[in-house]
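Hello,

Here is the structure we talked about handing over. Please open it alongside this note; my findings follow below.

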Amino acid sequence: MSNPRNPRWRALGALLRPDAGRWVALGVLVAAGAGLTLGGPLIVRRIVDRATAGATAAELTRLAGLFLAIAVATQLIAVAVAWFATVSAWRTTNSLRIQMTAHVLGLDHEFHRRHTPGELIQRVDGDVTSVSDFLSQVVPKAAGAVLTLVGMVAVLVFIDWRVAIGMTIYLSMAVAVVVRSRHRAVLESSDEMGALARLYGGIEERLTAAEDLRANGAADHVAWRFIEDSTDAMTTSVRRERAFLTMWWIVQSAVTAGWVIVLVVGVTLVSADAITIGTAFLLYQYVLTVSRPLEDVVHMLETVQKANGAMVRVQDLLATSATIVDDGTTSPSTGPLSVECVGVDFDYGDDQPVLHDLDIDLTAGRSVGIVGRTGSGKTTFSRLVLRLVEPTRGLVCLGGVPIADIPLDELRRRVALVSQEVELFAGTVRDNVTLFDPRPTDDEVVATLRAVGLDQLADGDIHRALGSGGAGLSAGEAQLLSLARVWLREPDLVVLDEATARVDPVTEQRLEAAIAKLIAGRTALVIAHRLSTLRRVDDILVFDRGRVVEFGPRAALAGDDDSRYARLLSTALEPTAEEVSDER
Amino acid sequence: MSVDLVETPSPHSEVNAAADPAADLPPRTLNVWQLSWRIAQHRPKEFWLGSALFMMFFVLPALSGYLLSQGYESLAARDRVETYWWAAAVGASEFARMMSVHYGALIWTRAWLHMQSLLRANMLAAQMASGGPEAGQPVGSAGGAITHFRDDTEDAANFVDIMLDCTGALMFTVAAGFVLGAADLGAAAVLVIPLVAVAAATRTLDRRIKEYRAADRQASGEVSGLLGDVMAAATTVKVNDAADSLIARLGVLVERRRATAVRDRVLDESVQAFSQGAADVGLGLVLLVSAGALASGAFDVGRLALFVAYLGWLSFLPRMVGRLLARRKQSAVAYDRMRGLVADREVENAVRPRSLPIGPADVRVRPDVLRRPRVPLDRLDVVDLTVWYPGSERPAVGPSSFSVRRGEFVVVTGEVGSGKSTLLRAMLGLAWQADVTGLVRWNGAEIDDRAAFFVPPNAAFLPQVPQLISDSVADNVGLGPVDPAQLTTALELAELTAEVAEMRNGLDTLIGPRGLRLSGGQRQRLATARALVHAPELVVLDDLSSALDVETELRLWGNLSAVNMTVIAVSHRAVALERADQIIRLGA
């Protein structure tokens, strides 16, 4: 069934290598099972021949007892094989799951913009489970079948070499036609899996957006999209079934041909006294023995098809490389990082420039407020600084080192983002602050929660569960939580992208002190729509349609009536902190 | 307007449901047979035609086996010509069997998918229903809930599948029983022993199978839940340098699942091995009791061929029965889990018939969207609205009372955690996790099922963190076919017209998974357009300003006021507070 030159099988081989000992032990068990499978019919042959020769009932009873013992032992071995195979398969594929998750997490921002989480779950878990089913169910059965067939020919050589040759020809033809019919089915299976991934991905997305959809009366729309996706899934499934039936026809024809042939050949040879009736009966039993694995092959091929399609996608995914390459070796000096941009252009690969000719020079240790209308390029600029995207043209430097020359590990450790999107994880409060990092102590976590103003969480047990999807936290609290995540890490450059947008002014006031403490001694980029958030920053950078249109110390700009910043301030009618307090 | 904490429960109580969908369920015995019948009858034509063809496929081996035994009888008699004829007859019988399974399988695949799709459609409809009798409790994590749509529906359909196999195997067994009994009653009778042993062994393993299966599913749910969280938050994971810790966590969860999967599978395999072994054990017993007859020549090769031929297929029945019992348990687990998603957690609602034109021959005509009749708003009254989260001692909100007149602009403000979102969501009937008391009146009339009433064109809601879907701009705004003029107006009101016009495909531009190709502000305004597209009588905006710059927000309020929209909005900004006709301030 396998073509050793195929890179998919090579990849599978590489996957199995670490657990080789286990797989060899499994092979021994499978071989024992195959031996017993061949032994049973030999006993029956002896019974038939001895009975014809006039053996006693006692002798036949002993032989029947031996047959019974073999039947029981065969099944015990089958259970042992299942246990061994399942343990080994999961061990092996669990490493693959981990490897793939790590790989996907290393891929670009762009990649994640194009693929839904549901689709990625299907790749990393669904597809790998197909591979696991293949390893745990198909591999032992297929190995057993191969050993049985080879053993069968060997047994027949001892009985009659002509029969052995005939059986070899029959078996090779049967196996050859089955294998040849495989290719189309694999393609169809891949289409089916793709359609299913879209179906489940769509459902997952709609469940995530359930509240929006419920509140806006979208049930009919969702139902219709479900019908469209299900129709695709049905069409591809029926196509796959048709391809699979073609194979079934071939297998079944081979089995039927076997029955007819052994009957015709048997009667011819028996009439010529070339073989005994017992041997003719043995041939019939062996054709039955072959028919079971051959019929199984059809069921197994379904799993193989799935696994093969899955392996194609697994390899595709593993072959997808990040455009953000981690080959930097230069570390910027310790402490706060300066940020420079020289002639930076950027677009998302769709010829719609987002940033034009950016020249920016931000001094280390200063905090910079970034303002501008929605879509003016503020967030994209922050993504460049975080190296989530690469400039189309130009150079971004942190601490004087071109960003591509800094090892990614170090960059991620030293540059942090608090964004407007806060994702919570199914886990405890602590897990959500540390993101499952075991290193920070509980006391540190509690202190961090207090520092950002999440006292209610700090007061309770931090090991209690916090639901995924934000259950149990308001959006504002979730934003504070994401601030806590960064607080714990003590980065050298902090990007706050609308970090306090969902927080009310009173809470924000409490937070301001915390943020001031967080950004003290670090470089900070603060993106904010609400200008009051920027009261304490040192400098202001104004973006408009992807260009920097103003840059300078905040105080100077605020005092200059002609500056854009001052104009923004006057339109905003922002209340000062004192006004907010007075209203209460 | 002040909101005091008074602990007087309102007489009008609307208790939605407790927090954990599975915690307080009384254990119920589900009638899996009846449920399976219901999903099988969803598409009767496919079901019956597929079944009939499969029955032929199952019964024809009885004929083939008989013909084979006649062939070996002739072989033992060394009659070549007669043997050739029997061989030809075997070939013909098998050809008929292949034809029946060819068409049977194609039709049955469709029947099988129809059954799963019905369950999926019912669960999805319950999750998407805006109130009304069909609405189910929302799921916690979408990543985990996917297993209900993927695995549980398959388990349910698999049970119908195995019932078909069992019926076929039973029909074969009856036919074979007659032939074998006529040939050798004693040897045929001894075959009952392994069949009974299989049934007995399966029964003892029954409860374990259910337990193991549930544990395995739970472990699987945890794995896909974490993966879903991680994939949805890939950028957050990256910029927080958390990939290693999360992968370590994933390592723990997948190893836990390995343990449950191995238990589940080994038990399953034992049941199968036991039933498969029944054939060989049966043959051994037949040989054992027939030793005397074999020695005397009364039990000849033809009869042995008959037993061997039938035993191969006879083992199908105990094997299928063994699987049937296991699958019955698996499908019971599946139905039990699926009912958590549908209305009242009543499993009936998961198998309810509905039109699903997904087959190749089905006519697909998109039905018109049925919207509630518009009830022009004159005055909205919220009276003593109180929200309790289960297990907490004081209410999360209220009691809170206020009134809104047509055309008013009402701003809700207050600290983080003061319950602004909770209040609005409770008012709209969206606070599923909480106990809500108090009442809401629309033009003086009390609204009972608020989730069903507060949808367009009566009301529309913009959640604090709006979620978009991977579709076009037009689809995200309209959520179904809408008049292009309505779309244009909504985009103008939401200050999005210019940006959409700049996009490559305009309204048909795809916005990427969850709208990730848009900026945060664009997402927020797109969701705002979505709320405005049906010109609702009342629009509820939970913190629209968080992702908008001041100028845009200012223009947006201006737009809404120009069309005299009635608005309840959460905001902290002066531009909103200054315009407000009424300010509702919540204290923590």
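Start with helix H10 of chain B: 11 of its 14 residues are buried, so the rest of the structure largely encloses this helix. Buried here means that 20 or more other C-beta atoms lie within 10 Å of the residue's own; 12 or fewer means exposed, anything in between partly exposed, and C-beta atoms are placed from the backbone. Among the buried residues of H10(B) are B:Arg303, B:Phe307 and B:Tyr310. The helix covers residues 301-314, and at 1.5 Å a residue it should span 20 Å; its end C-alpha atoms are 19 Å apart, which agrees. That expected span is 1.5 Å times one less than the number of residues.

Some ground rules. This is a predicted model: local features need pLDDT of at least 70 and side-chain atom pairs pLDDT 80 or more, while totals for chains, interfaces and linings use all residues. Residues are numbered from 1 along each chain as its sequence is written, with chains lettered from A and ligands numbered from 1 in the order in which they are written.

Chain B as a whole: it holds 20 helices and 10 strands. Both are DSSP runs numbered from the N terminus, helices being H or I of at least four residues and strands E of at least two. Of the 588 residues in chain B, 59% are buried.

Next, strand pairing in chain B. Strands count as paired if DSSP finds at least two bridges between them. Strand S2 (residues 379-388) pairs antiparallel with strand S3 (residues 397-405) over 6 bridges. There, B:Leu380 stands opposite B:Val404. S2(B) also pairs antiparallel with strand S5 (residues 435-442), over 7 bridges. In that pairing, B:Thr386 faces B:Thr437.

Chain A has an open antiparallel sheet of 4 strands, ordered S2-S1-S4-S5. S2 (353-362) and S5 (401-402) of chain A are at the edges with a single partner strand each, so one side of each has no neighbour in the sheet. S1 (residues 339-347) and S2 of chain A are joined by 6 bridges. One of the bridge pairs is A:Glu340 with A:Asp361.

Last, the interface. 153 residues of chain B are in contact with 142 residues of chain A; contact means C-beta atoms, placed from the backbone, within 7 Å. Helix H8 (residues 243-289) of chain B gives the largest share of chain B's side, 26 residues.

Best wishes

Conventions:
Two residues are in contact if their C-beta atoms, placed from the backbone, lie within 7 Å.
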